[in-house]
Amino acid sequence: MASIKEIAEMSGVAKSTVSRYLNQGSVSEKTAERIEAVIKKTGYSPNQFAQSLKAKKTKIIGVIIPRLNSNAMSETLLGIDDVLQDNGFQIIISNTNQNNAREIESIYSLAKQKVSGIILAATVITDEHKRAFDEISIPIVVIGQQVPGVPSVIHDDYQAGYCLGNYIFQRGHRFVTYLGVPETDVSVGIKRKQGVIKASGEYENIVLKVEETSFSSQDAVIMAKKILTEKNQPTAIIAATDNIAVGVLKACCLLGKKVPEQLSIVGVGGDKITDLVYPGITTVKFFFREAGGTAAKGLLKLLEHEKTEEVIVSPYELIERFSVDKPQ
């Protein structure tokens with residue numbers, strides 16, 4: 001592929017003139033026609049990233065995610081990309097590995113790269129986040145957490161937790177463990193747990209024990225083995241995520257505990273793996289891809305100075321499989 005320097009030589013103009021033309025700057029009609037003819041002849045395609053950095057208005061969106069090894073994030077990114085590609089935008093992905101400092105740094109870094117806007121898949125919103133939102137002065141949409149004054153697309157974590165709690169307690173389980181994650185993640189760590197606790201209060205003689213692990217399936221295996229070898233074992237475990245639910249299922253396999261005959265398991269997310277393992281795990285499905293698309297559409301509205309809803313709640317669906325039975 002020809003370079004800008006070669007395009008300039010073939011067009012008989014300076015390199016700066018070609019750059020100005022590519023960035024929609026002021027170029028005479030005759031010169032523009034000459035450059036365009038050479039571009040068509042050579043099949044030259046400008047580097048949109050480099051071009052956008054020089055332009056006043058870019059066609060690039062920054063997307064900040066907390067982790068790459070997550071089905072939820074993969075699906076969310078696909079939804080974002082579906083919408084942005086259809087509208088001629090490209091994305092820059094910044095992975096923070098659940099490090100808040102890196103998340104704040106990414107917000108400022110992307111703004112310096114003159115992205116048109118930012119979509120932030122957040123696990124927590126601090127005062128530093130809010131300060132960064134105010135200082136960068138470019139459109140931003142948040143996924144996963146609700147931020148006053150900032151367009152947010154959230155999953156109904158509280159109702160998802162309530163739904164699963166109700167589902168388990170209705171089937172007669174009275175000794176139940178909720179295996180959650182740290183409360184630093186407000187949506188997953190607090191709201192889902194609160195939903196389960198709310199449901200437990202609507203039934204009699206419920207003994208609900210709350211335990212904590214990380215988002216890692218392997219850590220969930222370790223914690224589940226501990227829970228399932230203690231006295232007064234639960235008849236059901238409600239997992240905060242599908243990854244945790246899969247970890248619990250593996251722990252049962254390692255301990256020779258039958259699912260669902262000896263332990264019922266439910267999760268949250270709708271990860272495809274819940275249908276691939278045996279027995280299939282009952283889960284609340286979140287529509288991550290659709291939520292990503294909704295966030296992208298909201299950002300495009302902001303770029304066009306159109307109004308968008310401040311909070312959009314993404315729906316969920318209970319998917320019943322074979323990991324739940326009545327307690328023996």
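Analyst: The residues that line the largest pocket divide into 10 nonpolar, 16 polar and 6 charged, where Ala, Val, Leu, Ile, Met, Phe, Trp, Tyr, Cys and Pro count as nonpolar, Asp, Glu, Lys and Arg as charged, and the others, Gly among them, as polar. This is a predicted model, in which local features need pLDDT of at least 70 and side-chain atom pairs count only at pLDDT 80 or more, while totals for chains, interfaces and linings use all residues. Residues are numbered from 1 along each chain as its sequence is written, and side-chain values use heavy atoms, with hydrogens and water left out.

The lining of the largest pocket comprises 32 residues, and R67, S70, A72, F215 and T241 are those nearest its centre. Two or more lining residues come from each of α5 (71–86), α9 (186–200), α11 (242–255) and β9 (264–269), and α5 gives the most, with 4 residues. Helices (H or I, at least four residues) and strands (E, at least two) are DSSP runs, numbered from the N terminus. The volume of the largest pocket is about 620 Å³. On a 1 Å grid over the protein atoms alone, a pocket is an open set of points with protein on both sides within 12 Å along at least five of seven lines, whereas a cavity is a set of points where a 1.4 Å probe fits but cannot get out; lining residues have an atom within 4 Å of a point. Grid points are joined across faces, edges and corners, and a volume is the space filled by probe spheres set on the points.

Strand β9, one of the elements that contribute to this lining, contains V268, which counts as buried at 6% relative accessibility (buried means under 20% relative accessible area, exposed over 50%, partly exposed in between, with a 1.4 Å probe and protein chains only). Leaving aside residues up to four places away in sequence, V268 touches L164, R192, A239, A240, T241, D242, T283, V284 and F286, a contact being heavy atoms within 4.5 Å; T241 is also among the residues nearest the pocket centre. The C-alpha atoms of V268 and L249, which are 19 residues apart along the chain, are separated by 14 Å. In the loop between α11 and β9 lies P260, joined to V259 by a cis peptide bond with omega of about 10°.

The structure also holds 1 cavity of 30 Å³ or more, and the volume of the largest cavity is about 40 Å³. Its lining consists of V141, P151, S152, V153, T294, A295, G298, T308, E309 and I312, with two or more residues from each of β5 (152–155) and α13 (288–303); by class, 5 are nonpolar, 4 polar and 1 charged.

As for the setting, the secondary structure of the chain comes to 13 helices and 12 strands. The radius of gyration is 25 Å, well over the 20 Å that the globule rule gives for 328 residues, so the chain is more spread out than a compact globule; this radius is taken over C-alpha atoms, and the rule is 2.2 Å times the number of residues to the power 0.38. Along the principal axes, the C-alpha atoms fill a box of roughly 85 × 40 × 30 Å, and 50% of the 328 residues count as buried.
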